[in-house]
Each structure stands twice: as C-alpha cells, then as structure tokens.
Amino acid sequence: MYERGNQGSISKFWIIFLICCYIAVFVDWGIEVFGHPLPDATNTFLMMGYAKAAITFVKYLPQVYLNWRRQSVEGFSIENVVLDFGGGSLSFAQSALNSIALGKPFFEAGAFNLVKFILSICSIFFDTIFFIQFCLYSGNKTEKKELPDLEALDG
C-alpha cells in the first residue's frame with residue numbers, strides 16, 4: 001500500500017462549492033417544473049453539465065498539487081491517465097466530426113456542445129500536466145514510514 005499522507009477533512013470552501021453546484025441545478029429544475037420554463041427546454045441538463053464541468057476541473061487539482069508538492073508520482077497510475085487522455089481526445093474528435101458531418105462551423109450552435117468541449121479540453125489539459133509530472137518525477141521516491149508487518153500481527 002502507498003502512504004496517503006496527511007489527508008484531513010475536506011475544506012469548507014469545497015463543501016460550499018459543491019453545495020452551490022447542487023443548489024444551482026435544483027433551483028433551475030424547480031423553476032422549470034413549477035411552470036416557469038426557461039428559454040431553453042434542456043436548460044436543467046445544461047446546468048447539470050456546467051456543474052459537472054466545474055466539478056471535473058476541481059477534481060484534478062488536488063492530484064496536480066500533491067504530485068508537485070511531493071515531487072513524486074509514486075503510487076500514481078499513468079495507465080489511467082493514458083485512458084483518460086484517450087477519452088478526452090476522442091470526445092473532442094467526435095465534436096469535430098459532428099461539425100464536419102453537419103457541414104457547420106465547429107463553434108456554431110447546432111454542431112457545438114459547450115459542456116462536452118469543456119470536459120474534453122479539461123481532461124486533455126490536466127492529463128498533459130500529469131504526463132509532464134510523470135516525466136519529471138517518475139524517478140523520485142517519497143520516504144515511506146515503516147509499516148507493521150500485518151502477517152506477524154495475525155499470529
């Protein structure tokens with residue numbers, strides 16, 4: 001097992017951030033359900049997408065910071081990063097192919113999905129940072145604390 005370090009409780013800022021994301025989605029949903037539809041019929045789904053994009057951006061930050069602070073990627077799975085990068089790249093390619101198939105410019109309303117674009121760019125951006133960190137820090141090892149031998153304790 002890899003030492004997870006000092007992982008205390010979640011910061012109040014992030015709790016408030018998540019609560020605000022949920023409130024925004026539920027308020028938007030409530031407005032639509034209780035008879036005051038907003039101009040776009042899929043507005044609640046868009047709000048959910050924006051919340052997902054914000055949460056996705058935030059989810060990568062702790063790992064980037066942890067790798068930088070430790071100057072190590074020990075215990076870090078580069079295979080998952082490769083898969084995530086592939087997914088983000090294919091998602092971006094799908095948006096581009098959709099634009100080509102519809103014969104519309106990439107950023108035009110009928111061919112462009114802002115949430116999908118944000119998620120793919122966010123994934124590609126952070127995965128690139130992880131690749132760089134892996135190249136820079138892969139030889140570095142963090143000092144491990146001596147853990148007790150569990151088999152000896154089972155006795």
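How many residues does H2 have, and how far does it reach from its first C-alpha to its last? Before selecting it, note that this is a predicted model, in which local features need pLDDT of at least 70 and side-chain atom pairs count only at pLDDT 80 or more, while totals for chains, interfaces and linings use all residues. Residues are numbered from 1 along each chain as its sequence is written, and side-chain values use heavy atoms, with hydrogens and water left out.

**The whole chain**

Begin with the protein chain in cartoon view, where the secondary structure comes to 5 helices and 0 strands, following the pattern α-α-α-α-α along the sequence. Helices here are DSSP runs of H or I with at least four residues, strands are runs of E with at least two, and both are numbered from the N terminus. Of the 155 residues in the chain, 23% are buried, where buried means under 20% relative accessible area, exposed means over 50%, and partly exposed lies in between, with a 1.4 Å probe and protein chains only. The accessible surface comes to about 11,300 Å², of which 67% belongs to carbon and sulfur atoms; such areas come from the Shrake-Rupley method with a 1.4 Å probe, and for residues only the protein chains shown count as cover. Among contacts (heavy atoms within 4.5 Å) between residues at least 6 apart in sequence, 68% join residues at least 24 apart.

**Helix H2**

H2 has 28 residues and reaches 42 Å from its first C-alpha to its last, close to the 40 Å expected at 1.5 Å a residue; the expected span is 1.5 Å times one less than the number of residues. Its buried residues are Asn43, Thr44, Gly49, Ala51, Ala53, Thr56, Val58, Tyr60, Val64 and Asn67, and they pack against H1, H3 and H4. Pick out glycine 49, which is buried with a relative accessible area of 11%, and then lysine 116, which is 67 residues away along the chain although the two C-alpha atoms are separated by 8.2 Å.

**Helix H1**

The buried residues of H1 are Cys21, Val25, Asp28 and Gly30, and what covers them includes H2. Just after H1, glycine 35 takes a positive phi of about 90°.

**The loop between H2 and H3**

Select glutamine 71, which lies in the loop between H2 and H3 and has a positive phi of about 55° although it is not a glycine. Most residues other than glycine have a negative phi. Glutamine 71 counts as partly exposed, at 33% relative accessibility.

Showing its surroundings brings up Asn67, Gln133, Phe134, Tyr137 and Ser138, which valine 73 touches when residues up to four places away in sequence are not counted. Tyrosine 137 is 64 residues from valine 73 in sequence, yet the two are 6.0 Å apart in space, C-alpha to C-alpha.

**Helix H4**

Continue to residues 114–137, helix H4, which has 24 residues and reaches 34 Å from its first C-alpha to its last, close to the 34 Å expected.

**Aromatic rings**

Finally, show the side chains of Phe, Tyr and Trp, whose rings (the six-membered ring for Trp) pair if their centres lie within 6.5 Å, with planes under 30 degrees apart counted as stacked, over 60 as edge-to-face and the rest as tilted. The structure holds 15 aromatic pairs. In one of them, the rings of phenylalanine 112 and phenylalanine 117 have centres 5.4 Å apart and planes at 55°, so the pair is tilted. Phenylalanine 112 counts as partly exposed, at 21% relative accessibility. Select also Phe57, Tyr60, Phe76, Phe125, Phe126 and Phe130, which form one aromatic cluster. Over the ring of tyrosine 60 sits the charged end of lysine 59, 5.1 Å from the ring centre; this requires NZ of Lys or CZ of Arg within 6 Å of the ring centre and within 35 degrees of the ring normal.
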